[in-house]
Every structure is written in structure tokens, then in C-alpha cells.
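Hello,

Here is the structure you asked for. My notes follow below it.

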Amino acid sequence: MHYAIDDTIVALSTPEGTGAIAVIRLSGKEAIAISNRVFKGKDLTRQPSHTLHYGSIRDGEKVLDEVVVSLFVAPHSFTGEDVVEISCHGSPFIVRQIIQLLLKHGARLATAGEFTKRAFMHGRFDLAQAEAVADLIASDSEISHKTALNQMRGGFSQEIKDLRAQLVHFASMIELELDFVEEDVEFASRDDLRRLVEDILRVVNALINSFALGNVIKNGVPTVIAGKPNAGKSTLLNALLNEEKAIVSDIPGTTRDFIEDEILLGGISFRFIDTAGLRETTDKVEAIGVERTYAKMKQASLIIFLFDLTEETITSIQKDINVLENLGIPFIRVGNKIDQAQPDLLKALESIPDIVYISAEKRENLEGLKDKIMALVDLNKFSTSGTIVTNVRHYDSLVKTKEALEDVLKGLDSGITQDFLAQDIRHALHYLGEITGEITTEDLLGNIFSKFCIGK
Ligand SMILES: Nc1nc2c(ncn2[C@@H]2O[C@H](COP(=O)(O)OP(=O)(O)OP(=O)(O)O)[C@@H](O)[C@H]2O)c(=O)[nH]1
Ligand SMILES: [Mg+2]
């Protein structure tokens, strides 16, 4: 779907549903004129930018609502166009009526993300920043909010732009050499080029590595709850979530697929994943569940390993701990069902350090477990002011940039001709440009902005 960019668009910019107020936003050349046709109070076309106006919206003689209109005159607005925001009463009925009236007077409904897309088109910010707007709106923890805000302000893009500018300089020098092949001159010092490429690679690698962390910030620290069948994993998930999300029963092998949800602990979002109990089984479906549990454990940032204090022996627990240690992923040993623990086992367990004892069912010592979880996640990693990549598209472009830069280095090593060298540099420039939007295609833009919802 392609719509003209000089249409005037309208959409509800606050959430659907009933509220104290709702904001209807218009953007485009006719935004003020169209609003003026339905607004009674003042002549909006004669008011300065960044002013508020009280009045009523009328369909002919019929008053639809009393409203406050905010005016933003181009280019000093979010989209860079004339923008009018009508704050009306938050009833879906009123909102519908006002939007219909505006449509009748020449506006058209905005498509998903179209306000932000226009802001991008008018150079209000670059692509990485536009995507950060989406992240910011979706952010649900303090840290994801901070990362998105930082990115929206341009921290991330500026770094990429600076690097790219330096590389552009070399690319042009080398392309210039191509015009003088006969003379066999070198405008671009190969040593300087190598140093620059190595510098860029360092930054690109750091950004690539930050993606794992970025992912965690956006989607929560993946925390797997594992253990033998009946250990109380689903009971623990429910207790942490404060809702009966997973089925609990005394039949071993109840959970067969993953059940997961997010919980905020100390400003960080954790994604807790309840899994199928680990045991050898002849049941086909359960066996698939067990297989998947192992796979999930390997991808986790943290494992909460539960053992049943009413069932296990010190030998079986020790065996499980050994297996976990070999996985190399941080884990917490949790003794569950402390309310009915075997006294002998408790005594024997004194030899194993660092066990957190809880009762998932009676909700005993869940705070102790939460403290342990937070202590194990390196909080310093999260408070970094450094740049963090959270976007898959950026990550892909960075990986391709890295490959192209490595080709440049290889080319320098083997002394390939200028034209090949120039080509490799151009590849790297292309992928770097994809991140900030200096290189775009209609497909790419469509893909990004369609992920926003209408009104953004
Ligand atoms: N006494 C006691 N019983 C518990 C506790 N936690 C869980 N249970 C009981 O243990 C049984 C198994 O609990 P689940 O949460 O279904 O165990 P699970 O680890 O998810 O089991 P699978 O999904 O089969 O692997 C249920 O009957 C729970 O009521 C606890 O802290 N104390
Ligand atoms: Mg279960």
C-alpha cells in the first residue's frame, strides 16, 4: 500500500477505549485548515505554533465535544509537518465521531507507524532513532526504557555515522586511484586504512556483542526453572507470578511444554520459563519435552534448579549438580518443599554450599530466592552508559559489516587491486548505512514502519 506523503493523516494517538481524555492527531499540509473547518472558538489558521486553544468541535450545528486543540506549525513538530492534536473526552463514541468528521473534511486515516515514518522522511531523526521510538513505547522496564531513550536521542547512530564518514573518505581516495591506474599512485595510505578498518571492527564487534545484552534488556533475562518431575517447578512459577499460570499436579510429568512469563525484579525484567521435568521416560511426548528442556537450559542466562527435599537423596542431588556445573551456565540450587523435608537429607545437605531452601507451595523464602537471582545477574552490566544494540535488523547489518570489513583486511593482506578493495569497502559502507537509514529501500521502510501501530 502506497499513500501520498502530502496527504493529511489522522488517527487516535492514545489507547483505544474509555479514558479521561483521548488525543486525536492530524499531520500534513491541511492539518490546520481541516481542523479549523470543524472547530468553533478561534481561527486556528491565524494562531502561532505551540499554542493551546479551547473550543468545540461541530458537525454543522451539532456540537460533538468540547476540546483543547494544540497547534504545532511545520517544521517544529514531531513529524516536521503541521500537526494538530485535539484533546477530547475519552469516549470511543466521541472519538469515532470526531475522526469521521475530520475524514469528511479531507483527512485520511493514518497507516501503522505513518506519523513516525513522516518524521523520518522529513529528517527529524534517522532510522535507528525511529525504531527506538517503537522500543520506547513498548518498553516495560526501567532498563529497556533507558536503552531506548538513549538510542532515540541518537547515541547509537552517531557512533555509526562517524565511523562511516571516515570510511567514506578512504573509499573515495581509493576510487580516485582507479582513475590513475596508469600512474600507479596511492592516495590512500594502506597502513592508515588498515588501522581505520581495525578500529571500526573493534567498535562493530563490541556492538555485536552488546546484542546479547540488548536482547536480555528487551525481552527479559531468560531464566529456566528446571528439575526432576514433581520437584515443584510449576508451583514455583505460579508463586513468582502470583497467578495460576501453569498446571500443578502430583502426577510426575505434568508439564510438557514451556510456560513462560515476565517478572520485574529490581528494575530488570526476567523471563521465567517452566519446563518439563528431567527424567528418562518411555512416554514419547514427555521425552520430547525433556529433550527441549535440555536445549532451553543451554540457551538460558540463569538456571533455577529445583530438587525435592521430600524425595531426593544426597547422591542424586550431587549428581545433578555435577551435570549442571558442566553446562557452564550460572545456576541456583534450590531445595523445595522445606515444609516437609526429610530431616536426614537436610543434615547431609549441609556439606553442599549455597542452597536456597524454599517452599513454593507455602511461599516460604521466595524473597531469599529473588535476592539470590538478582545477585547472580551482573547488575553492572546493565547500568552501562555504553551503546547497546537491541534491534535484530541492526544486528544483521552489523554482522554483514563485520564480514565486509574482514574482507577488506584480507584484501590488504593479499595486496588485491584497488577495484576489489573499493568494492569490499563499499559493501561495508552499505551495511553501515542500512543501520542509520542513509541507505534505504522502500521494502525496508515498509517493513520497519508496519511494525508500529496506527497513531504512532
Ligand atoms: N509440600 C510441598 N509440596 C509441594 C511444594 N511445591 C510443590 N508441591 C507439590 O508437588 C507436586 C508437584 O508440583 P508441580 O509444581 O506440578 O511440580 P513440577 O516440577 O512442575 O512437575 P512436572 O511438571 O511434572 O515436572 C504438587 O502436588 C504440588 O502441590 C512445596 O513447597 N511443599
Ligand atoms: Mg510442571
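**Notes on two groups of strands**

In this predicted model, strands S9 and S10 (residues 268–274) are antiparallel and are joined by seven bridges. One facing pair between the two is glutamate 262 and arginine 271, the latter in S10.

Both strands belong to an open sheet of six strands with mixed pairing, in the order S9-S10-S8-S11-S12-S13. At its edges are S9 (259–265) and S13 (355–357), each of which pairs on one side only. On average, neighbouring strands in this sheet are turned by 30° against each other, direction ignored. Helix H9 (residues 284–299) packs on the sheet and touches S8 (221–227), S9, S10 and S11 (302–308). The direction of H9 makes about 140° with that of S8.

S1 runs antiparallel to strand S2 (residues 19–27), with four bridges between them; leucine 12 stands opposite isoleucine 24 in S2. The two strands form a hairpin with six residues between them, and glycine 17 in the turn has a positive phi of about 110°. S1 also pairs with strand S7 (residues 108–109), here in the parallel sense and over two bridges. In that pairing, valine 10 stands opposite leucine 109 in S7.

Is lysine 347 buried or exposed? Its relative accessible area is 58%, so lysine 347 is exposed. Between lysine 347 and isoleucine 314 there are 33 residues in sequence and 9.7 Å in space, C-alpha to C-alpha.

Regards

Terms used:
Residues numbered from 1 in each chain as written. Chains lettered and ligands numbered in written order. Predicted model: local features only at pLDDT ≥ 70, side-chain atom pairs only at ≥ 80, totals over all residues. Heavy atoms only, no water. Pairing = 2+ DSSP bridges. Axes fitted to C-alpha atoms, helices over the stretch in contact; angles between N-to-C directions. Contact = heavy atoms within 4.5 Å. Buried < 20%, exposed > 50% of the residue type's maximum accessible area, 1.4 Å probe, protein only.
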